[in-house]
Structures are given as C-alpha cells and as structure tokens.
Amino acid sequence: MVAATHSCPWDDADLKKWSEPSTWPSGQIPKENDAVHIPKDLKVILDTTVPRFLTITIDGILVWGNLDGIRIETSYILVNGEFHIGSEDCRFEKTADIFLYGKSNDKEQVEGFGRKFIGANTGGKIEFHGKEKKSWTKLVETIRPALPGPCGCVYDSVEQTVKRRNGIYLNVWNADGTLFKLESFDMQSSRVANSLNDIVEMMKSFPDGKIFSMSIYKTIGVVTQHYEQFFKLMEDLGAKQIRHVGEFDPYVFIGETGKVDCIMEQHTPRRAGYLGPVEALVKFGLGDLVFITYSRTEPNTKNEISRFRALNRDAAYPKLSFLHDVSTWEVGDEVIVASTDFEWRQAEIRTIIPCRECSPNQIRVDGDFLYNHFGEVTHGVDERAEVGLLTRNIRLDAEMQPDCYHFTEKEEYNCKMFKRDTYGGHVKFVRDSWARVEGVQLTHMGQQSVLATYPLHYHLADNVKGQYLRNNVIRDSNSRCVTIHGTDFLEVSNNVCAYHLGHGIFLEDSAEQNNTIHRNLIIGTQYGTLLFTDMDVDMCKNRAWCGLLSSYWITHPRNIFTENVAAGSDSFGMVLAFADRPLGPSFQRQVERGLYEDMSTRYIPILEFARNIMHGNKHGGLWFDNRLSYGQIDMNKWVPENGKLGLNMYTPSDPPNANGTLVEAYMSGLTMYKNDERNSWVRCGNIVITNSSFADSPVSYVAAHSGDDPTSCDVRNSLFIGETDNKGEAWTYFFNTPEFQHLPKSQRPSHRFDRSISQNRPDMTISAVQFYQGPVYLDNCYFDKYKTWYYNDSFIDAYGIRPKRPATAFHFHPANHYPMVPTNGVRNLRFGYCDGVDNSFRVMDGNASTPYWTVLDGTNNINFRDYDGTLTGRADVQIVDNRPFFTTDRCRPMDDWGLAICPYKYFMLVVRGGTGVLQNKYKGKSPVFIRRDDSPEDVYRQKGMVGHKFTLMVSKSYTVFFNSTLGESPRDVQFKARFGLEKDDIVRIAVCFPKSTTKFTIYSKIPRLDPKRYLSPVQVGSLEEVDQDKTMTAWYWNQTTGYLYFKMSSPMEMNDPDQKCPGNECLAWDIRRDDGDNGPAICDTPVIPFYVKDRNARVKPPRCLEPASPVGLGAPIEMGYQPPTHAPGTCGYSAASVSLLCATIFISFGALILTSSPVF
C-alpha cells in the first residue's frame, strides 16, 4: 500500500516513475496498444503523458502524479492492487482524464466486469479524491428570460417580418442594437445565382460601423462557381470557414463592418449520415450590448432556426445569486439550473465566465435563459431552483459511437428505442474491495443493454462501512446514476446526476440496508429498458408489471434518505416499493449472512426519510406503494422477478414481524411542488408525513388503504398551497370541450394563461387532499390559495360558457370504486382564506358534469369527519353527500361544496356472501341496495365492483334488498360493521328474504352467537321486542312481510382512530337460510323506522374567523445568503467589470458551440 506517512500519495519515495524504462520488468515503457500490467510488488507513479493502451491491469500500486494534462485511454482498468488519484487528506488539484473505449463485441473483457470499465476486484482498492467543490446549491433570486427593453432584449429577429426562405439570412444592426437591415435569400431554387448577386450587392452597400451578421437557415445550397464572389467578399470581412460549409451545415458570422480583425464565426460540420439537429452560435460584444447569431439545421423537419438578437450585456451574461458560498466554482465550469416548472426539460446548462464584481455566492454565465427559474420561498414553500455543478477535475469518459450499432436483439431494440449508442463505460466495486470516490466527473457511463454495468456500482459487496461516493457528477448516463446492490453501510452524498436512463440512485435487490443517501441532486430521469420498473407501461409486455421509473429507487425501508432532490423525472421522483424477500443473487447471499427473514420489509419501520425535495416529476413526486415480485403468483397470475405487484401490505411493527406491535413510520420535512400529476401517493401503513410542504400540483396528497390491518395514513403539521407565485411558463389553451371538438384547432377559442397548467388541463380541479379510501387523518395543517378561477368572462357572450379552473382544499378521488371510510377526518386545521369568499372553497365534491369525474361507488359515497370544528365551525360533524339517504333536516346543505354538514355519526356496513346475487358474476351490476327507513324514497344503490360497503348513520334503521332482477336471493349473508359503530351506538337492520323461508341459522362474533356451542341468538315474536332488546341477541323473522330484523352495537369504545372496529373486534352477523326457495325476494311493506330521539341541534352556517397563520408548519427552510439588492435605474452589470473592446470580450467569453438544446 501507499506509505501511511505521506498524506499525498505521490510523495511516497518508494514510487517508481512510469516514464523510466527501468521501472518496468520488460525494461521498456508501455507503448501504444499494449496490455499494461503492473505486477504485485511494483509501485508506479504516472508522471508522463501516455499513448492509448489496450488494457491496464494493476496488481501492484498505481499513483497518479501531481501533474496537469495527463490522460489515459484504454478499454478497461482492472484493479487487483491499488489505484490512487489524490487522497482524502491531500486532494488532487490538477486535471486527470481517463477515457474508456470500445464496442460491445470487443474481445477485451473480464469475467464479472465485462467490457469498458474501471473495476476494483476482490482485494483491490480505488482512492479517487478530486478538488473539494460545492456540489450544488439553490438560487435566491429568480432567473427570467431576457425581456424586451434596454436592460433585456433590445432586438429579436423573431419579432420582425421577413419572408422565410431556405438559405442565407443577413441581419445588420446599428451600433445601438436597432435594426438597419434584415433580408433572407433562397438558396434552393433556380434563383440561386440571382440570390447570390443580391447578397453581394447588399453587402457592398453597408456603411462602416454597422454590425453585420449572417446565418444559415436549413441550407447554404449546393455550392457552385456562382458562390465565388460571395465567398471572396465574406473573406474580405474576415471569414475563415465559409468555404467549408456543407449543404446542411449550420454556420453563423458576426463582425463590425470596416474592422476585419473584429469578427466571430462558427461552422459546425454535419456528420456523414446524421440527420439530427446541428447548431452554431456566436456572440459579439460592443459597449453595453451583446449581438448574438444562431443557426440550427435539421434536414427533413420544420425545426430549423435562424435567429438574431441584441441583448443588454447583463441579460446576455446573467449574474446568478445563490444560497451558499460557491467560490470553489471556477471559470469554465458548467452548471445546470433545474426547472421549477412541471416540465423538467426546462433545466438549462451554462458555463461560468469571469465576474470581478461577484460576491462569494454569485457567478456569471455565458448565455441568457430560455425559461424562468424560480428563486424564492413563496407562501412558506421553498421553490428555489437547485443549481448543480457539472464539472470536476478528475474526469472519466467513455467512447460513444456516432451511430447506433447492434450485435444482439437487445441492442437492436435499444437502437430503435433511443436512436443512439447506449454502450458506455462503467465503474464497479465488488465484495472485499475498497473504494472511496469523490470529486470525479463521469460522462457517458452505463450500458443500457447489459445488467450490472452502471456509472458507480457497488456489487454484492456486503458491509462497506467507511466507504463512500461523495461530491461526484454523473452526466449523460446510459444506465442509472449510482447502484447499491447487495451492499450495506455505504455513504452516497452530495452527488449530482444529470440526464440518465432508468432508475437513478438504485437500491437493487430489496436487501440493501443501513446506507446513507444524503443531499444528492438528480435531474432528468428517463425511461430505460433493463428492468420492468425502468420501463413505461407502453414499453412493457404486460403493462401491470411496469411503470415505476424513479430518480430514487428505494427497495428497503432500513436506509437513510435525507436532503435529496428529485428535480425531474419522466415518471416519479422517489419510489418506495419493497419485495417480500431479496431479489436475484441477494437472496442466497442474505441467507448465507444470516440476514434473511421472510417478508421482513413489510414490517421494518423507515430508518429515516427526511427533508427530501421532489418537483418536476411527470407522474408524481412521492410514490409509496406496490411490491416487487421475486418471481411469484399474485392475484392468480404469474409475475416475473422485478415486476410490479399490487398492494404494498406495509405495516411497520416492533419487533418487525407479523406478531409485532404496530408502530408509525415517519416521513418528515418533505417539499413537493410542480409535480405534473400529483405531489404524493401513499398506501397507508401507519405512514405519517409531518412538517412537510405541498404546492402547485393538481393534487398534493392521496392515500390508499394498505390491507386488512388496522392502519392509517396521517399528515401532520404541514402546509398546503394551491398556486404560488411560481407561475412557470405562460401557456395557450385551445378549447377541446365537446362543443368545440368539431372545429379545427386554429378555429377553436383559446386563452393565454400567464402561468403553466398541469397536464395542460385547466378544467381539472386543484386540491390539497384527495380523500380516497382511508382511514386518513389530517392534523394541524394549513391551507391557502385554493381559489376557483373564472379566467375568461368574455366567453359568456361569445360562446355561452364561463370557463373556470376549480380549486379546493379537500376534494375526492375522481375515479374511486371504494366507498370512503367514515372515520376519515380532520382536526386543528388552519386556513388562509374564508370559505366562499372570492371563489375560494374548503371542500368541493364532483359529479357527472365535473371534468375527469366518473360516477362510481366511491365517488357516490363522499364522507369524512370534522372532529373539532376547525373545518366547518362545529365539532363532531360529518361531511356527506347531500341526499336524503345521508341527511336530515338538521344537516346544513353546502351548495358550493355539493355536500352537506351533518351532526351525526356514521359507520360502514359491509355486506358479503357467495351465493345468489352476491356471487362474483354479478359484480358491478348493483346486486345490493339499501334504504333508510325514515327516508325510504332515496334508495342507495352500489354497483359493487369492489364489494358492498354502505355508509350508514347510527341510531337509525335500514332495510337491505337484493336485486330481484338479477337472480336468486343469497342463502348466506354476512353483515359486518366497521369504522365507527361503538359502545352506545345502535343500528337496526331489516333484510328482505324469500317469504318461503322458515328456518335460519345465525352466528355472531359480538355478541357471541354460535348455535353449535349453545350460544343461540334469541328469536322473538315481534319487531317491538327487537327494538327493546339491549343484549343485541334478539332477531325477528316476519314471514308475512319477508323481513328479518336484528340490531348491531358494540360493548367497546374506539380507543385508536386507526382501528377498524372497537377493540379490534368487528361486529358481524352471519345469516344462513336453511330452507325456502331461491327465487327473488319481494318485500313491499314499508318498515317502521327505529326511533331514537334526535337531540342534535341543526348545523349553522360556518363562520369564518380571520385568516390563520402558517407559522410553525411545513418543511424547514434552509437559510443562507439573501437575495441581492439592485440599485434603481441600473441593469446590474458593473461597467468597470467589462471591456468595451470586442477582441477582449472574445478572449474572456469565447464562442459557445451548442451540442444539445439550443440556448437562443
């Protein structure tokens, strides 16, 4: 090993120089294409530039010398010994480059590692320690595109009228940025010769002192002898590259007429056979202005661009202000500014330029921005854009072929899918190796066609305590960011990953535990093809297996995830989905280690999940649901390994097994905003989200029930904001409602919104909480900015409609089959608005006319409870559907809500059976319906797609009917009371059976009724006797009317809101008809209502107090540098900090050659 007495590895006196022949056993320095081998007892320092090698195998020690500009090119580096670039105590401050080359069929490969890699084998050690730099920070001031005006965009050619022609565009400015001349010339028609003559004459006519620019739009044409005079004139102006421009190459030129030494040009040659976008851009500074010319060509499309702009210097080279000190960032470094809108692809990359007047928390960059990037805390929610540093001084890169190739079916599929080479390099550490990697930039890593080939990958490494991946950058990855596979106790912190395929930070086998994932930033998670969960559902053989792509893939609860950011995914930001046993090779390894316990992930509480941020994710920020298949049967269907299964069945317990006591699992300090579909989806398992902030999403929180265990979902001490000051990008909506669908899009009415709209659906209801199943509880939460927006009243006269954007704090799942749990509820709520004032509402139902709403059993059964009156002004009231079945005259109809507030208690009655109309074949056909005896005109029917669950009021009586139009009456029926019926609560049930029945057998758990054990129910002779019975054992069969009567109550109280039943003992009457026919039961006689005096006062209209304060709620806000102040009347650029000479500006700023998304 490197001598411990030297903190800098290159200071070890025992190191032998690479550059000396005597160092090598052969007596010769390795030459080009050699397979380099460093023997076990040899310690070498890399002190010189080297040629390209075939392979490098390190059995001894290799130390990178403290020199600049050294680059290794090889197909792989296998480390059996040690490989050092700097150390933890002595960072490498120069630049080091490693380039991995090769294709997927090259013969150079190593078992267990494959091709094109850097790998630490068993016993191997890798220590890479680059410069210490701030990994990422946040804006403290919003970045905006250059707006028209003297401090922004002085001139933009898109605002000018010029005929669009395929050819050459000439733009001439006056020195003050105003337009002198703009013309286009056709270079693809028979008029080419005339066009060239016109160009020449125009160019000759320009007076000195003008800013002359030229750009290619689509094509320069096919060059002939007619171009000679034009070429000569351009060369007289200073052009050097004009004669080399191919037919579809972009080319741009700017210069000041009369000054041939003050020009800029850029030509980007098009690769042979490449038909994608190619771009060129130059900038020219003069005084306080920067003149910009841009060309983008893309054959056979309409995506060509030719654009000219004149910007104020401060707009052209904007200053960015950050939360933290970024003085470790350097001129020439690249940064990525995350999107703060719904579309993550609004993230933008810029290069740092000199800035003498910048504070330690400021930089200047080399170009203006296309999009708004928010930099404020708005209404208590931190929506400041993250800015990641993309440059490190230790750089690993991999060769990518210009055209996609394939040798296997998988590669052929990927070529069709991605239309580019996806076979990059990879870095891998195996069991009993050692690796600490920090300050490294990895580009083009990962192999999309091959498992176990990722940018940074700990592979079945067991316990790696003390090892880490810190402050690295993964860019343009072909497969993931960081993979933790069968590995525990790893630290992954302060890394930035920008643009990758498949899951990002990836816990692979649902076996990985005690890892710390802290303060990482991921932007640009895109679908991959390696696993089912990497794929979009449309890419998948079976849609049910797929569709869980995420930036953070968390497959085991016993890990620490803190202060991470998921800032843009084509699916989810963070997914928690566990397998019931370890996947793949981890299963056998966990057995060998004595760590395997079947289904343990269902019961292990989350170790820590705190202060994470999710925004810009298409399907959602947080998804906590589903299980992963280990290759098993689920719902009677085979699901292959790594396929998605149904309910997660998560029930955290202490100890963590099926016999443990249920405990709560906490997720705290989360921030979620601008996630396009919803901010969060949680399947309840005593999961508590606390001190979190939700904003700017159509739905912020939805919770589904986990299973039969008595668990709930809770949100506490949190903040919900409907629409903040972060408006995003303006957007035009063309109406697509039924009355306009017959019209072409150009003829439909439209509206220009001043903000972005989620899913491009302005008619979708915005809500904080969507009640779905339950139980769900909200405690001590704040709501504001839920205002229904009537956005264009001119449509009233023009089209007879008043378009609106509905908004409310509480809404309901719009496609819900599941009747809601009556104990769902709220307490200690705070609101920043009064209900009904300025079209702001606290609750809103939907109906058949509500866009995207489907009338189902759940959407037809809205109910939840206000436990303390902080929602409605009265404690212990229920919000229910405003229909007679659920209400009385003591309820308060809330017309704006579409609901009613009632002073009653409700519970759920579940009707089950397997005979007659209760057979599965009648599912969805409304086999059961109920009427309330004191309001018989409103019969409550359910389709019964997911069972028969009816919300009933206590102290009332109900009659149950079986649909006689469907089929036979059932012989066995169970009536079970859930969620709400407790001590002193009584309900009477009448059941309509065939009148030919004479004998019944009745069982009940509470009271204990079991005829086989002589605990028989008491058959009485009248309805009055049933009503007077206090033992709840009496029942009465009236054969004349066809009704069987009984009552239900519990001797116990609900002492835990999560309980389905008091004392976890559910009331249930099981009734079996022992004789009689199976024909439909017809019961026409009205049932006398069960009478209990109603002592509840009528509900009064809700009163609104002064708007409450959100202080103390929501996610913590990180403090740091404050937004800068700007002197009035200035644009922000210090005149002393820039030169007015164009040549100086060119040296300082240079030309920007675009290789990805256009900046201008």
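Me: Which exposed residues sit on the face of α4 turned away from its buried side?
Reply: In this predicted model, that face of α4 carries E409 and K416.

Me: And which residues of α4 are buried?
Reply: Helix α4 spans residues 409-418, and its buried residues are E411, N414, C415 and F418. Viewed down the helix axis, these buried residues fall within an arc of 105°, so they line one face of α4.

Me: What do they pack against?
Reply: The buried residues of α4 pack against β38, residues 496-501.

Me: What follows the helix?
Reply: K419 follows α4, and its phi is positive, near 60°.

Me: Changing topic: where is T142?
Reply: T142 lies in the loop between β12 (136-138) and β13 (153-156).

Me: Is T142 buried or exposed?
Reply: T142 has a relative accessible area of 15%. The cut-off for buried is under 20%, so T142 counts as buried.

Me: Which residues does T142 touch, leaving out those up to four places away in sequence?
Reply: On that basis, T142 touches H373, F374, G375 and E376. Its side chain reaches the backbone nitrogen of G375 at 3.0 Å. The side chains of T142 and E376 are joined by a polar contact of 3.4 Å.

Me: What does UniProt place at residues 22-141?
Reply: The UniProt record, an unreviewed entry, places the feature "domain: G8" there. Over residues 22-141 the chain is 0% helix and 38% strand, with the end C-alpha atoms 59 Å apart.

Me: On to the strands: how does β23 pair with β24?
Reply: β23 (residues 334-337) and β24 (residues 348-353) run antiparallel and are joined by 4 bridges. Within this pairing, E334 stands opposite T351 of β24.

Me: And how does β23 pair with β28?
Reply: Those two strands also pair in the antiparallel sense, over 3 bridges, with β28 covering residues 386-389. L389 in β28 is the bridge partner of V335.

Me: Which residues touch the most other members of the largest nonpolar core?
Reply: They are F83, L622, F720, L778, F783 and F810, in a core of 117 residues.

Me: What does F720 touch, again without residues up to four places away in sequence?
Reply: F720 touches F694, S700, Y701, V715, A768, V769, L778, C781, Y782, F783, D784 and Y786.

Me: What other core lies apart from the largest one?
Reply: Another core, of 44 residues, lies apart from it, and its members include F907, L909, M953 and V991.

Definitions and conventions. Residues are numbered from 1 along each chain as its sequence is written. This is a predicted model: local features need pLDDT of at least 70, side-chain atom pairs count only at pLDDT 80 or more; totals for chains, interfaces and linings use all residues. Side-chain values use heavy atoms; hydrogens and water are left out. A nonpolar core is a set of buried Ala, Val, Leu, Ile, Met, Phe, Trp, Tyr and Cys residues joined through side-chain atoms within 4.5 Å. Buried means under 20% relative accessible area, exposed over 50%, partly exposed in between (1.4 Å probe, protein chains only). Contact means heavy atoms within 4.5 Å. The arc is that of the directions from the helix axis to the C-beta atoms. Two strands pair if DSSP finds at least two bridges between them. UniProt positions are given in the numbering used here, feature names are shortened, and annotations may be inferred rather than shown by experiment. A polar contact is a pair of N or O atoms within 3.5 Å; within protein, one must be able to donate a hydrogen and the other to accept it, and residues adjacent in sequence count only if both atoms are side-chain atoms.
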